[in-house]
Every structure is written in structure tokens, then in C-alpha cells.
Amino acid sequence: MQGSANLNLMIKAARKAGRSLVKDFREVENLQVSAKGPGDFVSKADREAERIIKEELRGARPSYGWLGEETGAEDGEDPTRRWIVDPLDGTTNFLHGLPHWAVSIALEHKGEVVAGVVFDAAKDELYYAEKGLGAFMNESRLRVSGRRHMIEAIFATGVPFGGRSTLPATLQDLARLMPVCAGVRRWGAAALDLAYVASGRYDGYWERGINAWDMAAGLILVKEAGGFVGPVREGRDIFESGAVIAGNAELYEPLCKILREAA
Ligand code: LIP
């Protein structure tokens with residue numbers, strides 16, 4: 001896909017941050033056995049990746065606003081546009097040397113995500129989409145799965161770490177969904193969970209208690225691949241509620257019904 005100048009800028013920034021993270025990831029694998037562990041090292045890797053992305057994006061588009069997991073929110077002279085960035089989604093996987101993490105970069109215009117990039121640098125899988133132009137992984141066009149029956153479907157979710165308040169609701173979700181589907185996966189990176197719905201690897205995904213930067217880029221991947229996204233509680237704003245449902249054309253509504261009854 002011949003993307004816009006902004007999409008090409010996002011891809012350049014994601015790849016540059018990805019190169020830095022792959023180098024750090026090799027070091028993390030060595031640090032697993034160290035007494036102190038890789039915690040501080042991963043925090044530095046996370047912050048360095050966001051620094052790289054911010055330098056690229058705000059250097060080229062200084063008037064755009066910013067929302068990044070590590071550096072927070074900054075207004076821009078252009079009140080209609082902002083970058084939404086998670087420099088390292090799947091941080092816990094990265095920390096434990098598990099090669100399932102991604103750089104996530106989204107561009108929001110007047111409150112709507114209009115472009116997204118999710119870069120799985122460990123597997124060299126670059127997911128990207130622009131509003132109205134389709135979704136792609138590397139050079140391949142993405143389409144959500146065509147599965148129509150819940151009992152054949154595999155879904156993904158995230159179970160919040162620690163004692164977060166959303167754990168009881170998530171356990172209720174699992175109790176209702178697992179008996180009527182083919183399985184649920186929890187791989188620890190929302191951006192890749194959404195990318196996998198867009199690529200047809202998962203038939204749907206939901207999660208409670210995540211942030212805008214975890215999901216912003218993945219949302220447009222799913223929509224541009226022919227899927228649907230929405231809040232867990234009908235009528236709520238996805239970013240504000242932090243609770244999202246995504247699915248293919250046939251199973252999005254059945255998944256919403258089950259999760260919204262549980263909610
Ligand atoms: C993670 C999400 C994941 C969720 C984790 C965490 P992070 O984001 O991608 O889906 O289950 O609790 O929020 O912290 O790795 O950027």
C-alpha cells in the first residue's frame with residue numbers, strides 16, 4: 001500500500017524503535033539469571049524506545065499533540081491531531097525474555113484514530129492501516145477470519161496483573177465464554193491481540209483495564225480488515241472506559257452479547 005506521508009513517518013519511527021528494542025531484548029535474555037534481574041534495564045529500554053519515536057514524530061510534526069505511555073500527554077498547537085504511542089506493548093513478556101511484544105503508534109484526528117502501526121520487531125511483522133485504505137502485514141492485505149460459529153472460535157484476552165479491580169469481571173467473562181468457544185488465549189500484548197484479530201489468527205478479543213496507547217493502533221487494524229470494535233459497556237467511550245471488544249464480522253455481536261450479559 002502506498003501510504004500517506006504520516007503513515008510512512010510512523011513506520012519509520014516504529015522500525016527505528018524496534019531496532020533499538022531488539023538489541024536490548026538480546027541483553028534482557030542474558031539478564032534473566034542476574035540477581036537484580038532485568039527490571040531496571042527494561043524500563044530504560046522502554047523509555048529509550050519512546051524517546052526515539054517522539055524525536056522522529058514530533059521532529060517532523062511539531063504541531064501535533066502527544067500521548068505516550070512513558071512521557072504522558074502534551075498538547076500541540078494543532079488541537080485536532082495527536083500521536084498515541086506505546087513504545088513497548090507486552091512489557092512483561094519482554095522482561096521475561098518472551099518474544100511477543102510490539103511498538104504501537106497511532107495517529108488520532110478530531111478524536112478518531114485514522115492511522116495505526118503495530119511492529120512486532122522480534123518476528124519482523126509490521127502491521128499498518130490507514131482509514132479507508134485497508135490493513136496490511138508487511139506486503140499482505142489483512143482480512144478478519146470468516147468463522148461464523150462460536151464453538152469454532154478462538155478468542156484472546158488480557159488478565160490484568162496484580163490485584164486490579166477488573167480481575168473478578170474478567171474471571172466472570174471467562175466462565176461464560178470458555179464453555180461455548182474453542183479456546184481463549186492470553187499472550188500479554190493488547191496491540192498484537194488486536195493485530196491478530198485483524199489478520200484472522202484470532203476470531204475476537206476483549207480486555208478490561210487497558211490504556212488508550214495499548215489499543216489505539218490495533219483498533220484501526222481491525223476495522224480496516226473488516227472487523228468491528230466497541231466498548232464492553234455499550235455507549236461508553238472505549239478509551240475512557242479502558243474496556244474493549246473486537247471481533248470478526250460474524251462473531252462480534254455474539255461476543256458482545258456474552259460479555260455484556262456478564263458485565
Ligand atoms: C499490557 C497490555 C496487555 C495487558 C497488560 C498490560 P503494557 O500493556 O498490552 O494486554 O493484559 O496488563 O497492560 O503494560 O505491556 O504496555
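View 1. The C-alpha centres of domain 1 and domain 2 lie 21 Å apart, and the contact takes 36 residues from domain 1 and 21 residues from domain 2. The model shown here and in the other views is predicted. In the division of the protein chain, domain 1 covers residues 5-141 and domain 2 covers residues 150-262.

**View 2. The protein chain as a whole.** The protein chain has eight helices and 13 strands. Its radius of gyration is 18 Å, close to the 18 Å that the globule rule gives for 263 residues, so the protein chain is as compact as a globular protein of that length. Taken along the principal axes, the box filled by the C-alpha atoms is roughly 50 × 45 × 35 Å. Of the 263 residues in the protein chain, 54% count as buried, a class that requires under 20% relative accessible area. When contacts between residues at least 6 apart in sequence are considered, 62% of them join residues at least 24 apart.

View 3. The space in the second largest pocket amounts to about 170 Å³.

**View 4. The residues that line the second largest pocket.** The lining consists of Glu108, Gly111, Glu112, Val113, Leu219, Lys223, Asp237, Ile238 and Phe239. Two or more residues of this lining come from each of the elements β5 (112-120), α6 (212-224) and α7 (238-241). Sorted by class, the lining of the second largest pocket has four nonpolar residues, one polar residue and four charged residues.

View 5. Glu29 has its place in helix α1, which spans residues 5-31. With a relative accessibility of 41%, Glu29 counts as partly exposed, because this class lies between the limit for buried residues, under 20%, and the limit for exposed residues, over 50%. Although Glu29 and His96 are 67 residues apart in sequence, the distance between them in space is 7.6 Å, taken from C-alpha to C-alpha.

Key
Residues are numbered from 1 along each chain as its sequence is written. This is a predicted model: local features need pLDDT of at least 70, side-chain atom pairs count only at pLDDT 80 or more; totals for chains, interfaces and linings use all residues. Side-chain values use heavy atoms; hydrogens and water are left out. On a 1 Å grid over the protein atoms alone, a cavity is a set of points where a 1.4 Å probe fits but cannot get out, and a pocket is an open set with protein on both sides within 12 Å along at least five of seven lines; lining residues have an atom within 4 Å of a point. Grid points are joined across faces, edges and corners, and a volume is the space filled by probe spheres set on the points. Helices (H or I, at least four residues) and strands (E, at least two) are DSSP runs, numbered from the N terminus. Ala, Val, Leu, Ile, Met, Phe, Trp, Tyr, Cys and Pro count as nonpolar, Asp, Glu, Lys and Arg as charged, and the others, Gly among them, as polar. The radius of gyration is taken over C-alpha atoms; the globule rule is 2.2 Å times the number of residues to the power 0.38. Buried means under 20% relative accessible area, exposed over 50%, partly exposed in between (1.4 Å probe, protein chains only). Contact means heavy atoms within 4.5 Å. Domain bounds come from an automatic or database domain assignment.
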